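Subject: Structure handover

Hello,

Here is the structure I said I would pass on. My notes on what turned up in it follow below.

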Amino acid sequence: MATEHSRSSARLMIAPAVFVLLVWMLVPLIMTLYFSFADYRPLRATFETWIGFDNYASFLTSSSFLSSIGTTLWMVGSILLITILGGVLLALLLDRPMFGQGIVRILVIAPFFVMPTVSALVWKNMFFNVDNGLFSYLFKFFGAQPFDFLSQLPLFSIVIIVAWQWLPFATLILLTAVQSLSSEQLEAAEMDGAPALSRFWHIILPHLSRAITVVILIQTIFLLSIFAEIFVTTNGAFGTRTLTYLVYQRVLESQNIGLGSAGGIIAVILANIVAIFLMRIVGKNLDN
Amino acid sequence: MGRITLDKVQKKFGEVEVIPPLDLTIEDGEFVVFVGPSGCGKSTLLRLIAGLEDVTSGEIRIDGSPATNLPPAKRGLAMVFQSYALYPHMSVRKNIAFPMKMAGMDQAEQERRIAKAAEALNLTDYLDRRPGQLSGGQRQRVAIGRAIVREPAAFLFDEPLSNLDAALRVGMRMEISELHAKLQTTMVYVTHDQVEAMTMADKIVVLRAGHIEQVGSPLELYHSPRNTFVASFIGSPKMNLLTGDIARSHDATTIGIRPEHLDVVESEGTFVGRVGVSEHLGSDTFFHVHIPQMEEPMTVRAGGEVGLRHGDTIHLHPQADKIHRFDDRGLRVA
Amino acid sequence: MARAITTQKKIMWTVLSWGIGLLIFFPIMWTFLTSFKTEAAAISDPPVWFFFDWTLENYSAVLERSNYPLALMNSIVIALGSTLLGIIIAVPAAWAMAFVPGKRTKDVLLWMLSTKMLPAVGVLYPLVLIAKYFGVMDSRILLVVILMLINLPIIVWMLYTYFREIPGEILEAARMDGANLKNEIIYVLTPMALPGIASTILLNIILAWNEAFWTIILTTVNAAPLTKFIASFSAPEGLFYAKLSAASIMAIAPILIMGWFSQKQLVRGLTFGAVK
Ligand SMILES: Nc1ncnc2c1ncn2[C@@H]1O[C@H](COP(=O)(O)OP(=O)(O)OP(=O)(O)O)[C@@H](O)[C@H]1O
Ligand SMILES: [Mg+2]
């Protein structure tokens, strides 16, 4: 559908976007790669350009790396579990006939639009706070001891905050998928005498499987780089230091650039593994 | 003026040659129809002329001057698309005005031409509507209006009527023919409907797989198809093609007899068969007759009311001077 | 058509959905209510719900804080600026990919999306270095550029999917009608794509407004937008729940409203078309 003339102007029009993204991706990434092989600690005025894989070795073998991986996996895993399970149930619920469906949708989707620092602060102070938080009142109301969530269960608390933000996302996408399921298909199954539960297992769930996969992949990519919620609530203390946060601390707090850069490269590699799967699905979709 | 010459024009999409090198001349003022089965390259050929596709090799000349590398806008041609391709966000008036606006024509002249086109196309009452508020036929007229106002060297139509219902199609067909009679501008018209081709064309170009099978007036094609492909493509219902002994008896590999050239006789016909499905159109009746000489049923046109029923035996006799003969390569034997 | 549903069932689903919906919305609701309380009422035991002396003093207090208007302004400039810059770069690219697709269009598109998945910490220090080198740390322009870059793939992607819905024949018609590339874009493509462009802008303002990594790390005061400003509330200068709530509500209200209008685009924009 194109002539040589339009093709060359097309290349010209894509060029700026490709160029800025290429620069954005390559220049800092190559610098990080370069630093990751250097002993670079500006505060001590140390700069040695090539120390081989020392940074990687010490980053990978440090106990903080292993625990950060554990924390990351726990955090991402439990948030995924909550949002996917909750999202499927909520999507099915919101698809039911009801009064004021539009308003309920708006209520459910709202947390996704709250900026991360706001939701972290609101939850931290007005819900989790041991003296004045709503949960404390709730515990006291039932005659229980108030509980200091953020110091007793810091990881769990962060999971709650982030899950609250991402549940709407999962719900919205799964709802879109549920609504694309033809009611004829369900009615046919009902005519065939399939009970509700087996309709769910054999028709609804397989139909949702792709959407669920997409939600898992996209959320994983975003969740791997959770920052503000940790920054505002625990600042990485009490076992809430994820890989992202660890790298941030190594680079900007302890200013061990070499070590932090090695960590950054490792984070890039891990994210890419997830991204490849996502890209496959998106790519397939582009074809039709 | 609008004389279009294609000189060894070839088009490949990647490795696939859709149009093998081809020569064709379209005379000024002619109504030329490209006809052929789906996928034979009609649209591609039209788009090459329009400049919407690059030719792979060869040359296109419009009124003698080379146009091969001109962008579409510079060729002075107007095109009417199958989907109408109206600008949905503009009123009918603005749609029609668009090409004039692009040409920087002065306002008064634009107004004058819009009024003239609207009147000719019965669009005066709809000028301020959006395309979305028009019927299919009206949209088609807007698309034509948009083409007319430019006073192009030639009009290009790509299956303009295929989205219309049968009745409207007949109406629009006549409108386009009338338009041509009035404007006397070259028109190149693509269709896969041979009835459209027969009724509208001065000259028909029959295409198959990018090849030109035959070029000629509708009646030339009807009376002396150059090969079996053209023979069976032109004419409705299709010509009956027979091979075997009956063909050999006419010194041919294949013979063709049009349904309208078979007479129903009482007895001792050349062909004797059983009546299968019959289609009663009132004015005509088409019988599908099972005869031993042909695998498919033979189609016969009979008068309005013939008292034959499914399963009856029928005798048929071809009109001797109307038998078409083809050799072993499918080419016409004079 | 679906069967008639008994009213009873419908009421049951309604009650259940509203219950869960309100529960999920509750933190926002609570913040909203608290923002109208006095500081004393905000931490009263037991909590007060609706029957308190409603006051606007928190809002005026927050607005009077020297740096709130600055933060608001920064948020606006950064969100609008990065989105606009992104649109300017993305429209031609998306146009070309949608209407002049080549063999590698798909790869380019996927590659662009993949840059979105680059973890920020992977490029953290180099960016700080580069920003310092050019003397743009804590400046709006730096954030405009960076947020444009991280959202550019989504902008290109969304525009691409919208443009693809515009029939190519219409653009060819424009070409036949004598429009050059510029006029084709101005008179035909842009007006037809406007709804899509508008939703893209909307979604990207939301994403940029809420971005909370680079905005926190690369700013101190001058260019600090609301994300950073709010984070400063946890700092020692004191925790005042009512004022925190007022500041929060002001920071999220405009985006909440925009967000409610862009639910559909959200699905399209954030799943890269993988869910329809
Ligand atoms: N952009 C393209 N890239 C590759 N092949 C193409 C392209 N456009 C058309 N073709 C191929 O060229 C051949 C001719 O296509 P064209 O559209 O010209 O057919 P047509 O005669 O107009 O058919 P129809 O009656 O169905 O419209 C077809 O086999 C088609 O698959
Ligand atoms: Mg065609």
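A polar contact here is a pair of N or O atoms within 3.5 Å. Please keep in mind throughout that this is a predicted model.

**The ligand site**

By that cut-off, B:Lys42 makes a polar contact with ligand 1, since a polar side-chain atom of B:Lys42 lies 2.8 Å from an oxygen atom of the ligand. For B:Thr44, the distance from a side-chain N or O atom to an oxygen atom of ligand 1 is 2.5 Å. For B:Glu159, the corresponding distance from a side-chain N or O atom to a ligand oxygen is 3.2 Å. Ligand 1 taken alone exposes 630 Å², and the protein buries 57% of that.

In total, 11 residues surround ligand 1. The closest are B:Ser38, B:Gly39, B:Lys42, B:Ser43 and B:Thr44. Helix H1 of chain B, residues 42-50, supplies the largest share of this shell, with 3 residues. By residue type, the shell divides into 4 nonpolar, 5 polar and 2 charged. The surrounding residues come from chains A and B, so the site is shared between chains.

**Chain B overall**

Chain B contains 9 helices and 18 strands. Its C-alpha trace spans about 75 × 45 × 35 Å along the principal axes. Of the 334 residues in chain B, 52% are buried. The accessible surface of chain B is about 15100 Å², and carbon and sulfur atoms account for 48% of it. Taking contacts in chain B between residues at least 6 apart in sequence, 62% join residues at least 24 apart.

Some backbone details in chain B are worth a look on screen. The peptide bond joining B:Ser236 and B:Pro237 is cis, with omega about -5 degrees. B:Pro237 sits in the loop between helix H8 (228-233) and strand E11 (240-243). Two residues other than glycine have a positive phi: B:Glu151, near 45 degrees, and B:Gln184, near 55 degrees. B:Glu151 is in the loop between helix H4 (136-148) and strand E7 (154-158), and B:Gln184 is in the loop between helix H5 (166-183) and strand E8 (186-191).

**Chains A and C: annotated segments**

For chain A, an unreviewed UniProt entry lists "transmembrane region" at residues 12-37, 73-94, 106-123, 155-178, 211-237 and 257-279. In the model, residues 12-37 of chain A are 96% helix and 0% strand, with the end C-alpha atoms 37 Å apart. Residues 257-279 of chain A are 100% helix and 0% strand, and there the end C-alpha atoms are 31 Å apart.

For chain C, the same annotation name, again from an unreviewed UniProt entry, covers residues 12-33, 72-96, 108-135, 141-163, 184-206, 212-231 and 238-261. Residues 12-33 of chain C are 100% helix and 0% strand, with 28 Å between the end C-alpha atoms. Residues 184-206 of chain C are also 100% helix and 0% strand, with 30 Å between the end C-alpha atoms.

A:Leu121 lies in helix H5 of chain A, residues 116-127, and is buried, with a relative accessible area of 0%. The C-alpha atoms of A:Leu121 and A:Gly258 are separated by 33 Å, and the two residues are 137 apart along the chain.

C:Thr83 is in helix H4 of chain C, residues 68-99. With a relative accessible area of 2%, C:Thr83 counts as buried. Leaving aside residues up to four places away in sequence, C:Thr83 touches C:Ile155, C:Ile201, C:Asn204 and C:Ile205.

Helix H13 of chain C, residues 263-270, has 6 of its 8 residues buried, so this helix is largely enclosed by the rest of the structure. The buried ones are C:Gln263, C:Gln265, C:Leu266, C:Val267, C:Gly269 and C:Leu270. What do the buried residues of H13(C) pack against? From chain A, they pack against helix H4 (101-109), helix H8 (154-179) and helix H10 (196-224). From chain C, they pack against helix H7 (140-164), helix H9 (181-210) and helix H12 (241-261). Just after H13(C), C:Phe272 takes a positive phi of about 55 degrees.

Regards

Note on methods:
Residues numbered from 1 in each chain as written. Chains lettered and ligands numbered in written order. Predicted model: local features only at pLDDT ≥ 70, side-chain atom pairs only at ≥ 80, totals over all residues. Heavy atoms only, no water. Near = heavy atom within 4 Å. Polar contact = N/O pair within 3.5 Å; in protein donor to acceptor, adjacent residues only side chain to side chain. Areas by Shrake-Rupley, 256 points an atom, 1.4 Å probe, with all protein chains shown as cover. Helix = DSSP H or I, 4+ residues; strand = E, 2+ residues; numbered from the N terminus. Nonpolar A, V, L, I, M, F, W, Y, C, P; charged D, E, K, R; others polar. UniProt positions renumbered as here; feature names shortened; annotations may be inferred. Buried < 20%, exposed > 50% of the residue type's maximum accessible area, 1.4 Å probe, protein only. Contact = heavy atoms within 4.5 Å.
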